[in-house]
Every structure is written in structure tokens, then in C-alpha cells.
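Please consult the sequence and structure shown below while reading.

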Amino acid sequence: MAIEGIPSQTSAEASAAGRRLFRLGWVLLLVGLAIYAIQLFALKQYVVPWYAAILATIGVAGMLVAVVQRWTVWRLVGLVVCLLVMAGEWLFLTVVTPAPAYQGPGIGKALPEFSAIDQNGATVTRNNLLGRPTVLLFFRGHW
Amino acid sequence: MRELGELDSRFAEFANRGVPIVAVSVDGQEDTARTQQRFPHLVVWGDAEHRLTNAVAALHEGKGPGHSDIAVPTTILLDKDGVIRWTFRPEHVIVRWTPDELLAAVDEHLKPNWVPLSTSGR
């Protein structure tokens, strides 16, 4: 409905705006993933990519608006795909990757006695760590 | 395991400070030997029975492949008497320090004990 003095948005204009919104959603989602990939593989920065999930959420919100304005099968499929990616990102960051807080022996405490094996299967113990300072590093292991 | 490659390539900087790097996982002997071959400048230990991993509460139960147990990325600096001088546990398992950050922690917390190592390993 046109209001006097204010030009109404035509159907074509609304459709073009929806397309722009939808494309912007894709761009935001892909930009977040691309930045994380660059950080991880090129810059070797191992950070928590909250920005990727936030960008994806903003993008999906825009896509949702575009679908509500005018839905097509392709828009619906795109929305579902992006929604799944966004949900995956949030799941990854809030359920899969959080680590429990460190509750082992504190600063100033002696490392408890233990036994483990070296590459040849020989037993190693706390005594193998005495005599010089050491970086003791626990890693995820061979997957 | 990506952090091991970075540490292995910068091993000399730790060796100059007299600080070996002991990398521990819950792998068995076969995988431990494979990891040791891949990163020859580090000391790689396997802890399939979780004795060392449990000693420092670094076991992430059910978070490995097929819901197996796995180590939580944890870094502990020990002095020459085996006393804990610094610990680092990220809030997310995907987070790692950089070698520069670890070297800075070594410099800050272990410096008084420095006796350079041979650069060929432990």
C-alpha cells in the first residue's frame, strides 16, 4: 500500500533486495569459514573462531528475512544448508571443543609418581624427568 | 599433533635453554614409535594406561575417536626437581600456544635452571 509522498517498493525492488540479502548471508557464512581456514592453515593461529559462528548467525538471519519476503525452493534449500552449517559451528564451539579446567597438581607441587612407555616400549617414570627442567606436553595423540 | 611439528622445528631454541620437550599421549607403543619417528627432536611417551595422564588430571574421557579417552591438551613446566612451575590448559581443545609463547613461559618460569642440551635430542 502506497503512502502519499513516499514511493512504495515495487515487487521487483523487493525481489532484488531479497536476493542481495540472501547473497549477503552466503558471503558472511563463507567469509567466517575462510578467515578461520587462513588463521588455522596459513597463519598457524589456533584460536576459537567465535566470529565465524556469529557471522553465520547474522547471515542466516538475513536469509530468513529474504525467504519470508519471497520464498523459492532454492532460497529454502540455501537457508537450510546455511542453518545446518551455523548449527554445526555453534555445536562445535559450545559442546565439542570446550576443555575441562585444569585440576591437576598446582604450582609448587611435585609431579606425582607415574609410569609410561617410550617409543621402544621401555618403562619411563618420574625419575626420567629429574635433573633438568622439562616441558611436559600432553597432546591429542594419533587419530 | 600440529603443535609437535612446530616445536620439533624449533627444538634448538629449547635445547639452548636446556629444556627438553616430552610429549605425552594415551597412544600405545606402535603409535608412540611412529610419532617419535615423525618428530625426532622431541621425546615422545605413550600412556595407554593413563597413569601419567591421570596423575595430572589430563584425561578427556570419551572425547577421542569412537568415544575413547584422550588427553586434554595441557602443558606443564617442571623444574629440575620435578616440581610444577607453570601449567597451561586452553579453554578449548582447538587452542594452542605459539612456540614463542611457550618459549616466553620457559624463560619466565624455568630460566634459573638453564644448562644447554645437546641439540641432537635428549
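In strand β1 of chain B, Ala23(B) is the bridge partner of Leu137(A). Strands here are DSSP runs of E with at least two residues, helices are DSSP runs of H or I with at least four residues, and both are numbered from the N terminus. Two strands are said to pair if DSSP finds at least two bridges between them.

This is a predicted model, in which local features need pLDDT of at least 70 and side-chain atom pairs count only at pLDDT 80 or more, while totals for chains, interfaces and linings use all residues. Residues are numbered from 1 along each chain as its sequence is written, chains are lettered from A and ligands numbered from 1 in the order in which they are written, and side-chain values use heavy atoms, with hydrogens and water left out.

Within β5(B), Ile76(B) is the bridge partner of Leu136(A), and Thr74(B) stands opposite Phe138(A).

β3(A) is mostly covered, with 5 of its 5 residues buried; buried means under 20% relative accessible area, exposed over 50%, and partly exposed in between (1.4 Å probe, protein chains only). Thr134(A), Leu136(A) and Phe138(A) point one way from the strand, Val135(A) and Leu137(A) point the other way, and all are buried.

β1(B) is largely enclosed by the rest of the structure, because 5 of its 5 residues are buried. Ile21(B), Ala23(B) and Ser25(B) point one way from β1(B), whereas Val22(B) and Val24(B) point the other way. β1(B) also pairs in the parallel sense with strand β2 of chain B (residues 43-46) over 4 bridges. There, Gly46(B) is the bridge partner of Ser25(B).

## The interface as a whole

Contact, defined as heavy atoms within 4.5 Å, involves 55 residues of chain A and 72 residues of chain B. The two chains bury about 5,700 Å² between them, 64% of it on carbon and sulfur atoms; buried area is the accessible area (1.4 Å probe) that two parts lose on being put together, summed over both. Phe138(A), Phe139(A) and Arg140(A) supply 17% of the area that chain A buries against chain B, more than any other three residues.

How many salt bridges cross the interface of chain A and chain B? The rule finds 0, a salt bridge being a side-chain nitrogen of Lys or Arg within 4 Å of a carboxyl oxygen of Asp or Glu. By contrast, 25 residue pairs are in polar contact across the interface, both residues being at pLDDT 80 or more. A polar contact is a pair of N or O atoms within 3.5 Å; within protein, one must be able to donate a hydrogen and the other to accept it, and residues adjacent in sequence count only if both atoms are side-chain atoms.

The elements that give two or more residues to the side of chain A that touches chain B are α1 (11-42), α3 (73-96), β1 (115-117), β2 (123-125) and β3 (134-138) of chain A. β3(A) gives the most, with 5 residues.

A search of the whole structure finds 9 salt bridges over all chains. Three of them are listed here.

| Salt bridge | N to O distance |
|---|---|
| Arg96(B) and Glu3(B) | 3.2 Å |
| Arg34(B) and Glu30(B) | 3.5 Å |
| Arg34(B) and Asp31(B) | 3.4 Å |

Arg96(B) and Glu3(B) are both buried. Arg34(B) and Glu30(B) are separated by about one helical turn, because they are 4 residues apart in helix α3 of chain B (residues 29-38). Arg34(B) and Asp31(B) lie 3 residues apart in that helix, also about one turn. Arg34(B) is partly exposed at 38% relative accessibility, and Glu30(B) is exposed, with a relative accessible area of 63%. Arg10(B), Glu13(B) and Asp100(B) are linked in a network of salt bridges.
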